[in-house]
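I opened this entry to keep track of what I looked up, going from the whole chain down to single pairings and cores.

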Amino acid sequence: MGKIGCSILSGILVPSGILLNTPNPLTCLELTSQITISGIRIEVTRKKVKYLRLVVNPAEGRVRISSPIHLKEEVIREFALSKKQWIKKQLNGYIPKNNRPAPEYVTGETHFIWGTAYKLSLGWHHAAPEVYVNHQTNTIDMRVRPGSSGEKRKNVLKEWYRAEMKDEIPRLIEKWQKKMGVKVSDWGVRQMKTRWGSCNIRAKRIWLNLELAKKEPCCLELVVVHEMTHLLERLHNRRFYAYMDRFMPEWRNHDNVLRQSSAFHAAGKC
Ligand SMILES: [Zn+2]
């Protein structure tokens, strides 16, 4: 099989009848191009093979597909799209979290925003740090002062995530206050090691984990609704889950999305 550390899906035989009608005039045997599926960049190499083969290297954040030379791009796209969840899982969860090298916040690294993979591009300038996210090219351009440490760069991105969360949360609270008939007096965002959110029932204050800005948007919404449900029921009992089922019948799907991308959720805390 492939390189150590890669996850490979192969053996998908290309059905006949979906090859390009006119053979590609290019005579070279390997041709590399790039496609993007839900924010995941995939290198496509066309070569003399009969099968589509998908290789994910989570350490490098690389996804590659090798394809028969004359296969239509839309077929490759469809194939990649059908494997989207698998690819994300490999990229995000293949290596146990504690074995994964800590990010260094350098060019080429993959960072997730709302469940989508972005490539970091680091530059220097003599001004306050800046983060510019391009959703077309799925890149994060970060500019910091020359000589800024990895810790500094980490904090710059962290503050960007925090601002992103602070943009989203008021809208969600507003929406769910109407649906649930409860009132949140105060809310905040902070980095938490063991839980996605918490709720101070007496103060009607909810806290949300900064890490949620890296997950699918439904994850933040789930945690907001979960914490707001605690304003109606303190415990995780039958009554609590009956409220969840009533307000957000699809909450278990969101919960699965969150669980799949997380080590600590298994602890079952909030
Ligand atoms: Zn809870």
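My notes on the chain, the sheet, a hairpin and the nonpolar cores follow.

**Ground rules.** I am working from a predicted model, in which local features need pLDDT of at least 70 and side-chain atom pairs count only at pLDDT 80 or more, while totals for chains, interfaces and linings use all residues. Residues are numbered from 1 along each chain as its sequence is written.

**Whole chain.** I found six helices and 12 strands in the protein, taking helices (H or I, at least four residues) and strands (E, at least two) as DSSP runs numbered from the N terminus. Of the 270 residues, 24% count as buried, where buried requires 20 or more other C-beta atoms within 10 Å of the residue's own, with C-beta atoms placed from the backbone. I then looked at contacts (C-beta atoms, placed from the backbone, within 7 Å): among those between residues at least 6 apart in sequence, 52% join residues at least 24 apart.

T36 stands opposite R41 in β3. Two residues separate β2 from β3 in this hairpin, and S38 in the turn has a positive phi of about 45 degrees.

**Four-stranded sheet.** I traced an open sheet with mixed pairing in the order β6-β7-β9-β8. Its edge strands, β6 (110-113) and β8 (130-134), each pair on one side only, and the twist averages 35 degrees from one strand to the next. Angles run from 0 to 180 degrees between N-to-C directions, with axes fitted to C-alpha atoms, for helices over the stretch in contact. β6 pairs with β7 (residues 116-124) in the antiparallel sense over four bridges, and T110 has K119 in β7 as its bridge partner. Helix α3 lies across β6, β8 and β9 (139-144), running at about 125 degrees to β9.

**Cores.** I define a nonpolar core as a set of buried Ala, Val, Leu, Ile, Met, Phe, Trp, Tyr and Cys residues joined through C-beta atoms within 7 Å. The largest has 24 residues, and those with the most contacts inside it include M165, I206 and M228. The elements giving two or more residues to this core are α3 (150-180), β10 (186-190), β12 (205-209) and α4 (217-229), with the largest share, seven residues, coming from α4. Not counting residues up to four places away in sequence, M228 touches W176, M180, V182, V184 and I206. Apart from this core lies another, of 21 residues, among them I40, L91, Y118 and I140.

Methods. Two strands pair if DSSP finds at least two bridges between them. A residue is buried if 20 or more other C-beta atoms lie within 10 Å of its own, exposed if 12 or fewer, and partly exposed in between; C-beta atoms are placed from the backbone. Two residues are in contact if their C-beta atoms, placed from the backbone, lie within 7 Å.
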